[in-house]
Amino acid sequence: MEEINRNNACCFGNKGQAIKPNNNLVGAILTTIFCCLPLGVVAIVYASQVDSQWYAGNTQAACELARKSRKWMWISVVVSLIIWILYLLFWVALLLA
């Protein structure tokens with residue numbers, strides 16, 4: 001019997017059974033459209049690989065890819081917010097000068 005890695009909470013439920021991780025594809029697409037295009041594309045690439053790894057029986061890789069997709073999705077959001085804040089500060093400073 002395969003030993004279960006309990007540290008990987010995204011793949012295993014309370015009873016140790018494997019649970020398919022969320023691929024975050026919708027969030028990755030939305031961050032690509034509305035936030036930062038290059039980083040959103042990275043999130044889409046990882047998200048698109050989750051289901052194929054899961055159905056191939058590679059649960060650890062599927063969970064890792066889901067985690068990377070979620071990470072890059074949030075990096076895209078944060079970078080976009082930082083850029084917008086800097087953009088607004090630039091225009092405020094320009095108008096007050």
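View 1. The model shown here is predicted. Asn24 sits in the segment before α1. What is the phi of Asn24? The angle is positive, at about 60 degrees, although Asn24 is not a glycine. For background, most residues other than glycine have a negative phi.

View 2. Helix α1 covers residues 25-34, helix α2 covers residues 37-55, and helix α3 covers residues 59-96. Of the 97 residues in the chain, 28% are buried. The chain has an accessible surface of about 6,800 Å², and carbon and sulfur atoms account for 68% of that surface. Take the contacts between residues at least 6 apart in sequence: 58% of these contacts join residues at least 24 apart.

**View 3. Helices α1 and α2 pass each other with their axes within 8 Å.** The two axes cross at roughly 165 degrees, so α1 and α2 are roughly antiparallel. The crossing of α1 over α2 is left-handed. Which residues meet here? On the α1 side, look for Leu25, Ala28, Ile29, Thr31 and Thr32. On the α2 side, look for Leu37, Gly40, Val41, Ala43, Ile44, Ala47 and Ser48. Sorted by class, this contact of α1 with α2 has eight nonpolar residues, four polar ones and no charged ones.

**View 4. Val26 is a residue of helix α1.** Is Val26 buried or exposed? Val26 counts as exposed, because its relative accessibility is 60%, and the word applies to values over 50%. To place Val26 relative to Ile44, compare their C-alpha atoms, which are 8.7 Å apart in space. Along the sequence, Val26 and Ile44 are 18 residues apart.

**View 5. Helices α2 and α3 have axes that come within 8 Å of each other.** At what angle do the axes of α2 and α3 cross? They cross at roughly 160 degrees, which means that α2 is roughly antiparallel to α3. The crossing of α2 and α3 is left-handed. Residues of α2 that make the contact include Leu39, Val42, Tyr46, Val50 and Trp54. From α3, the residues of the contact include Leu65, Trp72, Met73, Ile75 and Val79. By class, the contact of α2 with α3 counts 15 nonpolar, six polar and one charged residues.

**View 6. Ala47 of helix α2 is buried, because its relative accessible area is 1%.** Ala47 and Leu65 lie 18 residues apart along the chain, while 6.7 Å separates their C-alpha atoms. Ala47 is among the α2 residues that meet α1, and Ala47 is also listed in the contact of α2 with α3.

**View 7. Helices α1 and α3 approach until their axes come within 9 Å.** The axes of α1 and α3 cross at roughly 25 degrees, so these helices are roughly parallel to each other. Helix α1 passes α3 in a left-handed crossing. Gly27, Ala28, Thr31 and Phe34 of α1 make the contact with Met73, Ser76, Val77 and Ser80 of α3. The contact of α1 with α3 divides into four nonpolar and four polar residues, with no charged ones.

**View 8. Ser76 belongs to helix α3.** Is Ser76 buried or exposed? Ser76 counts as buried, because its relative accessibility is 0%. Which residues does Ser76 touch, leaving aside neighbours within four places in sequence? The contacts are Thr31, Cys35, Cys36, Leu39 and Gly40. Among them, Thr31 is one of the α1 residues in the contact of α1 with α3, whereas Leu39 and Gly40 are listed on the α2 side of the contact of α2 with α3.

Technical notes: Residues numbered from 1 in each chain as written. Predicted model: local features only at pLDDT ≥ 70, side-chain atom pairs only at ≥ 80, totals over all residues. Heavy atoms only, no water. Buried < 20%, exposed > 50% of the residue type's maximum accessible area, 1.4 Å probe, protein only. Contact = heavy atoms within 4.5 Å. Areas by Shrake-Rupley, 256 points an atom, 1.4 Å probe, with all protein chains shown as cover. Helix = DSSP H or I, 4+ residues; strand = E, 2+ residues; numbered from the N terminus. Axes fitted to C-alpha atoms, helices over the stretch in contact; angles between N-to-C directions. Parallel < 35°, antiparallel > 145°, perpendicular 65-115°, else oblique. Left-handed = near helix turned anticlockwise from the far one by under 90°. Nonpolar A, V, L, I, M, F, W, Y, C, P; charged D, E, K, R; others polar.
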